[in-house]
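Here is my note on the model, point by point. Please keep the structure open while reading.

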Amino acid sequence: MKVDTNSEITAIIATNKEGIVYQFNDAAEILLGYSSKEVIGLEKAPFFLIEDEFNNFRKDIATRYKENLDSDPYKLLAKHNGYDSREWTIIKKDGSKFIGHSTLTPLKNDHGENTGFLRMIKNITDQKNIENELLRKNQVLNAAEKISMMGHWQWDTITNSVKWSSNLFNIFEVDTNQTLRFETYFSFVHPEDKATVSASFDKSIKDKVFYDLLHRIKSTSGKTKTIQLLGEVLTDKAGNVIEIIGTCQDVTQQRMAEIKFKGLLESAPDAMVIVNDHGKIQLVNKQAEKLFGYQSQELINKPVELLIPERYSNMHSLYRENFFSMPKTRKMGEEGTDLYGINKDGKEIPIQISLSPLKTEEGLLVSAAIRDITIQKKAEKKILEAKNSLEVLANKLTIQNTQLADFAQITSHNLRAPVSNLNSLLDFYNIAETEDEKSCFI
């Protein structure tokens, strides 16, 4: 019983110069499905080949040796002591097919006369499937690299040879036939960034860790581009760096957008603090540095609670989580609630905060516009103090008015009594009939 077809066995088929098979080994029986008795002396090669492929074979051999296209390819190979190695679609006895790699060699006797041909066939279907899959994945990768403006690279630090993916040639605008070395890449680095790039690669080799790198290049056409390098350092068993591999992405547009965004951020009249969903500060403007007394590098990737008094920190984490679960533009804190920040010196600052969600490729961020209201608070305090003083004065005036009213009432009463008495005497005087009676009132 014969074993199943596999890629390890090699079919050997020998024919005479007329093409009649006289040798058909066990592997040929397995691969083609014929028994040797069905083939030897009875079949003429190439009975297992596709006609169109055979015609292409005929044209290739004729072209190779500059002969007539209708020439017999076997005779041409024998005549020129040549051989042919190529892939064929092999037809089995049951009609099924597989991809085979075939080597055809002329056989000659001691006198150098052609006596036949020897064909060796291996089943490479699995290998071709793998190659096709790799080719497909490579095409997908190339398409993805073009869409994302990215390429990948390899640098053999021992031989100083460099390999680039096709799209990396496009980014640098370099001919794909150009021999690449590290110096090739370095020659494109923007003059103002060369020192930084050189120091970064030296540090990566020294520490055996690749440090992400963002810098500018000058392409072949003179365009200034911003690229971002990510990579990994590979070492041998002794720990020596032998290779660095990585990706290179053209982030010129993103960088321009970032610069524009930062420009808008810096032009804002309020302190601006950008925070991610983990509560880590991603970006601050100069106004924020001035308000809180920190440099930007002291705040980036630090928890935003660094800018909040400790008594509010625990509740703030809950507020932040609630905001990211239902993001919308709003003012932070309810009406009548005092909000405070804390600066680097530990001084508390009365503030107003407006929150806005900001969708980015990295995820949802929150933009906090923070305004120092110290002056307003002082003005409010003075107004409140003035209001209280006016209320006290009004109370005093009310009391004084009451006292004046009471005094006027008493005075009026005291004045009315003598006048009333005098009027009564005048009435008596006027009704007196004699001078003696009137003199009583004088």
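1. Asp84 has Leu104 as its bridge partner in strand S4. Strands S3 and S4 (residues 97-108) run antiparallel and are joined by eight bridges. Strands are DSSP runs of E with at least two residues, helices are runs of H or I with at least four, and both are numbered from the N terminus. Two strands count as paired if DSSP finds at least two bridges between them.

2. A word on the source. This is a predicted model, in which local features need pLDDT of at least 70 and side-chain atom pairs count only at pLDDT 80 or more, while totals for chains, interfaces and linings use all residues. Residues are numbered from 1 along each chain as its sequence is written, and side-chain values use heavy atoms, leaving out hydrogens and water.

3. Which strands make up the sheet, and in what order? Five strands form an open sheet, S2-S1-S5-S4-S3, with antiparallel pairing. Its edge strands are S2 (21-24) and S3 (84-91), and each pairs on one side only. On average, neighbouring strands are turned by 25° against each other, direction ignored. Axes here are lines fitted to C-alpha atoms, for helices over the stretch in contact; angles run from 0 to 180 degrees between N-to-C directions.

4. Helix H3 (residues 51-64) packs on this sheet. Helix H3 touches S3 and S4, and its direction makes about 170° with that of S3. Contact means heavy atoms within 4.5 Å.

5. Now strand S5. Strand S1 (residues 10-16) is joined to strand S5 (residues 114-123) by seven bridges, antiparallel again. Ile13 has its bridge partner in S5 at Arg119. Nine bridges pair S4 with S5, also in the antiparallel sense. There, Ser102 has Ile121 as its partner in S5. Strands of a sheet pair through backbone hydrogen bonds, parallel or antiparallel.

6. Check the turn between S4 and S5. This hairpin has five residues between the strands, and Gly112 takes a positive phi near 80° in it.

7. Two further phi values deserve a look. Most residues other than glycine have a negative phi. Glu173 has a positive phi near 60°. Glu173 sits in the loop between helix H6 (166-172) and helix H7 (182-188). Its relative accessible area is 27%, so Glu173 is partly exposed. Buried means under 20%, exposed over 50%, and partly exposed in between (1.4 Å probe, protein chains only). Asn301 also has a positive phi, about 65°, although it is not a glycine. Asn301 lies in the loop between helix H11 (296-299) and helix H12 (310-325). Asn301 is partly exposed, at 49% relative accessible area.

8. Where is the nonpolar surface patch? Leu390, Leu393 and Leu397 make a patch of about 290 Å². Leu393 lies in helix H13 (residues 374-431). With a relative accessible area of 45%, Leu393 is partly exposed. Patch residues have over 30% relative accessible area and no salt bridge; nonpolar side chains (Val, Leu, Ile, Met, Phe, Trp, Tyr) are joined within 5 Å, like charges within 9 Å. A salt bridge is a side-chain nitrogen of Lys or Arg within 4 Å of a carboxyl oxygen of Asp or Glu. Areas come from the Shrake-Rupley method with a 1.4 Å probe; for residues, only the protein chains shown count as cover.

9. Last, the whole chain. The chain has 14 helices and 16 strands. Of its 442 residues, 33% are buried. The chain exposes about 28600 Å², with carbon and sulfur atoms supplying 54% of that area.
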